[in-house]
Amino acid sequence: MGSLAEDMERLRDEIARERIARHTLINDNRQEVADAAHAFMRDLKVSVETMRVDRMAFLARLSGDVADIRVDVSRRHAKRKQEVAHLLDDLQRARGVMAIEVRAADQAFVSDIVRTAHQLVGEFAGQRSVARQVRYGQASQPTAPSPRRHRQ
């Protein structure tokens, strides 16, 4: 039975060694996992901080670009406003000139009508006078009416 006792003792020592090896392996794996988790968290923290810095830089650039665009739009708006003001001034002047020209043309037209009316009234009065004279025997022949002058 000596060999059975030795085999049992060897088996017990082997089980004890394997148990210790298993505990060591578990502890080593636990440490590796903990170290890997810590490294992952450090890398993640660095990545988040880098993204935050990049985001802040992007927002600063974007803010600057928006400010530049606003200044440009404001400048263009002021320029267009000036152009519209000049156009309105030109229009107002042109309307004033046109009003004067239309008034002068109206006055000339009315003057022509009045002049023509006076001529017609004069001619008509002359023809009436000649007709009266012929009727009452004061003149032997009617005189020819004066030619009308038409202005175009």
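User: How many helices and strands are there in the chain?
Analyst: The chain has one helix and zero strands. Keep in mind that this is a predicted model.

User: Where does the helix run?
Analyst: Helix α1 covers residues 2-135.

User: What span should α1 have, and how far apart are its ends?
Analyst: With 134 residues at 1.5 Å a residue, α1 should span 200 Å. The C-alpha atoms at its ends are 187 Å apart, which agrees with that figure.

User: And what follows α1?
Analyst: Gly137 follows α1, and the phi of Gly137 is positive, near 80 degrees.

User: Different topic. How much of the chain counts as buried?
Analyst: The chain has 152 residues, and 1% of them count as buried.

User: Which residues form a nonpolar patch on the surface?
Analyst: The patch is formed by Phe40, Met41, Leu44, Val48 and Met51. Together they have about 500 Å² of accessible area.

User: Take Val48. Where is it found?
Analyst: Val48 is found in helix α1.

User: On to charges. How many salt bridges does a search of the whole structure find?
Analyst: The search finds seven salt bridges.

User: What does Arg12 meet in a salt bridge?
Analyst: The side chain of Arg12 meets that of Asp13, at 3.8 Å from N to O.

User: Are those two buried or exposed?
Analyst: Arg12 counts as exposed, at 54% relative accessibility. Asp13 is partly exposed, with a relative accessible area of 32%.

User: Which side chain meets Arg75 in a salt bridge?
Analyst: That of Asp72, with 2.3 Å from N to O. Arg75 and Asp72 are three residues apart in helix α1, so about one helical turn separates them.

User: Why does one turn matter for which way residues point?
Analyst: An α-helix has 3.6 residues a turn, so residues three or four places apart point the same way.

User: What does Arg76 form with Asp72?
Analyst: Arg76 forms a salt bridge with Asp72, and their closest N and O atoms are 3.3 Å apart. Both residues lie in helix α1, four residues apart, which is about one turn of the helix. Salt bridges that share partners join Asp72, Arg75 and Arg76 into one network.

User: How accessible are Asp72 and Arg76?
Analyst: Asp72 counts as partly exposed, at 25% relative accessibility. Arg76 also counts as partly exposed, at 48%.

Notes:
Residues numbered from 1 in each chain as written. Predicted model: local features only at pLDDT ≥ 70, side-chain atom pairs only at ≥ 80, totals over all residues. Heavy atoms only, no water. Patch = residues over 30% accessible without salt bridge, like charges linked within 9 Å, V, L, I, M, F, W, Y side chains within 5 Å. Areas by Shrake-Rupley, 256 points an atom, 1.4 Å probe, with all protein chains shown as cover. Salt bridge = Lys/Arg side-chain N within 4 Å of Asp/Glu carboxyl O. Helix = DSSP H or I, 4+ residues; strand = E, 2+ residues; numbered from the N terminus. Buried < 20%, exposed > 50% of the residue type's maximum accessible area, 1.4 Å probe, protein only. Expected span 1.5 Å × (residues − 1).
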